[in-house]
2 protein chains.
Amino acid sequence: MPAEIIDGKRIAAEIRAEVANRVSRLNMSPGLGTIIVGNRTDSATYVRMKHKACEECGLVSFHHPLPEDVEQKTVIELIQKLNADERVHGILVQLPLPKQCNEEQVLGAVDINKDVDGFHPVNIGRLAMKNREPMHVPCTPKGCIELLKRSNVQIHGKEAVILGRSNIVGLPISLLLLKNNATVTICHSGTPDMAAQTKKADIVVAAIGSAAMVKKDWIKPGAVLIDVGINSVPDETSKRGYRLVGDIDTKACEEVAGMITPVPGGVGPMTIAMLLQNCVTAAERTVES
Amino acid sequence: MPAEIIDGKRIAAEIRAEVANRVSRLNMSPGLGTIIVGNRTDSATYVRMKHKACEECGLVSFHHPLPEDVEQKTVIELIQKLNADERVHGILVQLPLPKQCNEEQVLGAVDINKDVDGFHPVNIGRLAMKNREPMHVPCTPKGCIELLKRSNVQIHGKEAVILGRSNIVGLPISLLLLKNNATVTICHSGTPDMAAQTKKADIVVAAIGSAAMVKKDWIKPGAVLIDVGINSVPDETSKRGYRLVGDIDTKACEEVAGMITPVPGGVGPMTIAMLLQNCVTAAERTVES
């Protein structure tokens with residue numbers, strides 16, 4: 001029996017509908033302030049997608065494009081302005097930043113209550129700690145947990161193996177799975193035999209950025225596979241000359257896995273859905289308090 | 001061949017001598033401000049030991065005992081005073097706090113530069129994140145890493161299994177081992193079969209608070225065992241009526257392990273040595289800057 005496909009598109013749509021519903025019950029529009037530095041086309045596309053999603057769900061966005069050579073001071077001053085702006089409930093600084101901007105200092109300037117990306121060290125610290133709760137959880141990792149929960153995958157007591165330890169995905173998803181009482185193993189470029197690790201896993205999260213790296217014989221029968229990777233590989237049969245594949249060899253792994261997320265249409269759509277969710281939560285908190 | 005004993009007492013003495021040497025090269029005495037709330041005898045003993053160690057290495061301590069029923073506000077005001085006090089380079093709030101004091105709010109009030117216990121969420125967040133460095137690393141976990149390094153145990157590429165995920169030990173030691181490029185597995189009360197996890201480990205860190213829980217048949221031959229547990233068990237042959245044992249069944253595990261820390265005399269003495277190290281580092285930074 002081939003693996004059940006976890007339909008991220010459907011689940012993300014469900015969440016967007018929930019967000020729109022929550023927005024409609026507020027007496028105001030939650031606002032997302034976005035900052036983009038420079039002219040990277042990929043960054044521009046991501047931010048445009050986020051604006052569009054905001055609009056569809058009743059959130060307003062305030063866009064602040066800055067030139068590639070902007071001084072860090074200017075970026076931080078803008079963040080401080082957005083921190084103080086009552087119309088703005090969430091602030092998103094699109095990464096990567098050009099090299100004159102120190103990512104740590106820039107992200108550290110965001111008010112933790114408006115840190116809807118969840119990248120502020122205080123929010124990461126609270127995510128890591130027992131009995132602490134971050135104001136916001138990073139979107140992609142949060143999206144992975146949502147996919148598991150809405151697919152009725154039990155996490156408690158399960159063995160989860162994470163490939164990758166990036167600040168944006170691998171590390172926070174590991175901390176989230178731990179908070180949900182999985183036994184968590186974190187693998188990375190320094191792990192000599194990743195296959196030996198994944199073979200024992202009930203849940204595998206691949207976030208290592210290597211096309212179709214996880215093979216069928218790496219997988220325990222019935223395991224749940226969450227594929228965070230988005231890699232473009234040359235494909236002559238495609239009009240664009242390339243196609244997108246995940247970190248998991250999906251077709252082959254489907255034969256042994258219990259559940260699997262496709263690429264595209266798995267984790268991808270969840271990231272923006274979680275951003276909207278964090279943003280409406282931030283807005284709701286300002287009403288409650 | 002029985003396991004090599006990692007002599008924490010000797011290594012801690014070595015570190016204290018290094019600290020004393022660093023202090024002697026400073027034109028001032030590093031200062032440790034300590035706060036203790038209430039009358040717990042164990043807390044009083046710990047703080048007294050820390051003061052004594054400070055004195056021996058040329059650090060001064062400023063002790064601030066507060067009554068059991070003190071208001072949180074007063075504790076935080078005292079912390080703010082110590083934050084501003086130039087004679088104080090490190091601040092230590094002895095845990096646990098009585099229930100009217102919120103640990104998160106109290107510890108969060110400590111200046112991260114003076115957070116020699118490393119418990120501030122910003123310091124934990126930076127410890128968790130790639131390419132970030134905390135101002136200070138929690139003492140017991142840092143001590144475990146020192147024991148490994150000074151015993152020439154390679155961490156990079158090794159499989160490390162941690163039992164326990166407390167904010168004070170299990171979680172930060174996991175993050176430190178990860179920073180040192182081990183493949184890290186975190187086990188806890190929700191892990192159904194801990195023995196299956198430890199059996200594959202090159203390095204086991206036990207910090208779960210259960211007397212002699214880790215048995216001989218849990219251990220891979222040659223593994224390095226770090227025992228953070230300190231549990232008192234009834235012992236009629238002892239004058240005190242009890243004796244201290246770790247989380248590892250030391251005598252039995254010695255027969256299979258490559259290296260092992262004893263209890264007492266293993267990790268225990270390292271905690272205070274690391275506190276002194278953090279404190280002198282904080283003082284040196286004020287001179288450098």
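## An exposed asparagine in chain B

In this predicted model, B:N152 is exposed, because its relative accessible area is 72% and a residue counts as exposed over 50%. B:N152 belongs to the loop of chain B that runs between helix α6 (139–150) and strand β5 (159–163).

B:N152 and B:T198 are 46 residues apart along the chain, and 21 Å separates their C-alpha atoms.

## The asparagine at position 152 of chain A

In chain A, A:N152 is located in the loop between α6 (139–150) and β5 (159–163). The relative accessibility of A:N152 is 70%, so this residue counts as exposed.

The backbone of A:N152 also deserves attention. Its phi angle is positive, at about 55°, although A:N152 is not a glycine.

## Another positive phi angle in chain A

A:A212 likewise has a positive phi, near 50°, and is a residue other than glycine. The position of A:A212 is in the loop of chain A between two strands, β7 (203–206) and β8 (224–227).

Attention now turns to the omega angle of the peptide bond. In chain A, the bond leading from A:V263 to A:P264 is cis, and its omega is near -5°. A:P264 is part of the loop between strand β11 (259–260) and helix α10 (268–288) of chain A.

In chain B, B:L95 and B:P96 are joined by a cis peptide bond with an omega of about -5°. The proline of this pair, B:P96, is found in the loop that lies between strand β4 (90–93) and helix α4 (103–108) of chain B.

## Domains of chain A

Chain A is divided into domain 1, covering residues 28–111, and domain 2, covering residues 138–269. How far apart do the C-alpha centres of domain 1 and domain 2 of chain A lie? The distance between these two centres is 28 Å.

An unreviewed entry lists residues 6–117 of chain A as "domain: Tetrahydrofolate dehydrogenase/cyclohydrolase catalytic". In the predicted model, the chain over residues 6–117 is 47% helix and 16% strand. The C-alpha atoms at the ends of this stretch of chain A are 24 Å apart.

Methods
Residues numbered from 1 in each chain as written. Chains lettered and ligands numbered in written order. Predicted model: local features only at pLDDT ≥ 70, side-chain atom pairs only at ≥ 80, totals over all residues. Heavy atoms only, no water. Helix = DSSP H or I, 4+ residues; strand = E, 2+ residues; numbered from the N terminus. Buried < 20%, exposed > 50% of the residue type's maximum accessible area, 1.4 Å probe, protein only. Domains from an automatic or database assignment. UniProt positions renumbered as here; feature names shortened; annotations may be inferred.
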